Amino acid sequence: MRTVIINGANGYVASNFINSLLKKQFKVIALVRANKQDPKERMNKVLAYINDEKEINTSNLEVYNYSLLDNNFSMNENVLKSIFTGNVDYFHFAASLKYDEKSVDEIFSTNIEGLENSIKVFLKYAMKGSRFFYIGTAYSCGRFNGLFEEKFYGNKDISEFRNYYEQSKRFAENIVGENIRNNGLNGHIIRLSQVVGNKETGVTKTDYGIFDFAKRVYNLANRYPNEIVRVHVDPDATQNLIPIDTVTGHLTRVVEEKEIPGIMHFVSKNPVRNSFIIDTLNQLAPIQIIPLKTLERKDMNPIERLISVGMSFTESYASTDILFDTRQRDKFLKNTETGPDYKSIAKMMGYFIETLSEKRKKKEHEAALKDGWL
Ligand SMILES: NC(=O)c1ccc[n+]([C@@H]2O[C@H](COP(=O)([O-])OP(=O)(O)OC[C@H]3O[C@@H](n4cnc5c(N)ncnc54)[C@H](OP(=O)(O)O)[C@@H]3O)[C@@H](O)[C@H]2O)c1
């Protein structure tokens, strides 16, 4: 069994992957930045959160503090030599998921310089048979029409992308490509679509993408109950959603197998229509959201404008219907799951809204106690 080294280890996808690897007795090295807290504590906290505060066996887990952009990650050379002993599988997860123009420096330094430095450390310390996996996004396709294939695409101007995040992830892939060609990097790219909750249990511990939208709708419903609110979302367009347990299952197969394709799309074969997501939300929260393919800001009422401002990221994905090629992935995984069905998505939405509602009740209760009402 290879040791698996993972950076950005306390993030949503990486921590769930680590959780699965530990259950399968893999030895895992987690690289976590301190961010004003002890990295080990950060990692343990997130593992406890994933497991509903139940204890798990972490005897195969080692956690190290690192600094993504610094020489040798600001880690001791002997420590680096020791963690890279033998052939390892190294997963680069660390990324800034911001997208806006004012965060462009942070996005580019984390997602591009961070990756360059990660490859530099890997090439310096990893043994010949070690493998480097870059976690990319299927949305690095940008404003692409047609079938997005499991191959490299060139760097493009920002106008070809929906945001700087997508562009930075495309640039990063091409850095992996250059290092494969010029520096002998044993590199692979895994592009994920939007990662959601667990398809069996419905447990959803992310507020990214459609769940960010769900949170905004829930908050709005509590502030303005029973309103009818139009949103600029194409009801017939789709979201490509992939459950977290499917992602961790696929990634675990990657570390178990010898031959891995250069680029794979871990995406769903059954994208979910926006109208279904909105209908589900309408049943879960006291609000009536009406998705419209065309709705200009000047025609919105103040409440609609409020939700539209908060949706600046989600809105750019509200009219997408992208076709992702999965031939490499299908050949690799053989019996490929086709992503969450509508029932799973409804279960995830239910779980997510219920969790928000419990948090809200707790906050209200605490406030009432503080004010002496209870
Ligand atoms: N979630 C999705 O739907 C999705 C879809 C497609 C692709 N992906 C890709 O999957 C990967 C993980 O995404 P995620 O959703 O799990 O994100 P996440 O929860 O935000 O995790 C990101 C991780 O990167 C770390 N990080 C950010 N900036 C850093 C820096 N300057 N130095 C060191 N570490 C840094 C974060 O550390 P801190 O906690 O300290 O900030 C965190 O551990 C990313 O590469 C993302 O592009 C995700």
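Colleague: Which residue in β4 is the bridge partner of isoleucine 5?

Modeller: Please keep in mind that this is a predicted model. Strand β1, residues 3-7, pairs with strand β4, residues 88-92, in the parallel sense over five bridges. Within β4, the bridge partner of isoleucine 5 is tyrosine 90.

Colleague: Which strands stand at the edges of the open sheet, each with a single partner strand?

Modeller: The open sheet has seven strands with parallel pairing, in the order β3-β2-β1-β4-β5-β7-β12. One side of each edge strand is left without a neighbour in the sheet, because each has a single partner strand, and the strands in that position are β3 (61-65) and β12 (263-266).

Colleague: What angle does the direction of helix α5 make with that of β5?

Modeller: Helix α5, which spans residues 164-183, packs on the sheet and touches both β5 and β7 (187-192). The direction of α5 relative to that of β5 makes an angle of about 160 degrees.

Colleague: Are α4 and α5 roughly parallel or roughly antiparallel to each other?

Modeller: The axes of these two helices come within 9 Å and cross at roughly 20 degrees, and the crossing is right-handed. Angles under 35 degrees count as roughly parallel. The relation of α4 and α5 is therefore roughly parallel.

Colleague: How many residues of the contact of α4 with α5 are nonpolar, polar and charged?

Modeller: On the α4 side the contact includes Val104, Ile107, Phe108 and Glu116, and among the residues they and their neighbours in the contact meet in α5 are Tyr164, Tyr165, Lys169 and Phe171. By class, the contact of α4 with α5 divides into twelve nonpolar, four polar and two charged.

Colleague: Which element gives the most to the shell around the ligand?

Modeller: The ligand is surrounded by 24 residues, of which the closest are Gly8, Gly11, Tyr12, Leu68 and Ala95. Two or more residues of the shell come from each of α1 (12-23), α4 (104-125), β5 (131-137) and β8 (194-196). With three residues, the element that gives the most is α1.

Notes:
Residues are numbered from 1 along each chain as its sequence is written. This is a predicted model: local features need pLDDT of at least 70, side-chain atom pairs count only at pLDDT 80 or more; totals for chains, interfaces and linings use all residues. A residue is near a molecule or strand if its C-beta atom, placed from the backbone, lies within 6 Å of it. Helices (H or I, at least four residues) and strands (E, at least two) are DSSP runs, numbered from the N terminus. Two strands pair if DSSP finds at least two bridges between them. Two residues are in contact if their C-beta atoms, placed from the backbone, lie within 7 Å. Axes are lines fitted to C-alpha atoms, for helices over the stretch in contact, and angles run from 0 to 180 degrees between N-to-C directions. Angles under 35 degrees count as roughly parallel, over 145 as roughly antiparallel, 65 to 115 as roughly perpendicular and the rest as oblique. A crossing is left-handed if the near helix is turned anticlockwise from the far one by less than a right angle, and right-handed if clockwise. Ala, Val, Leu, Ile, Met, Phe, Trp, Tyr, Cys and Pro count as nonpolar, Asp, Glu, Lys and Arg as charged, and the others, Gly among them, as polar.
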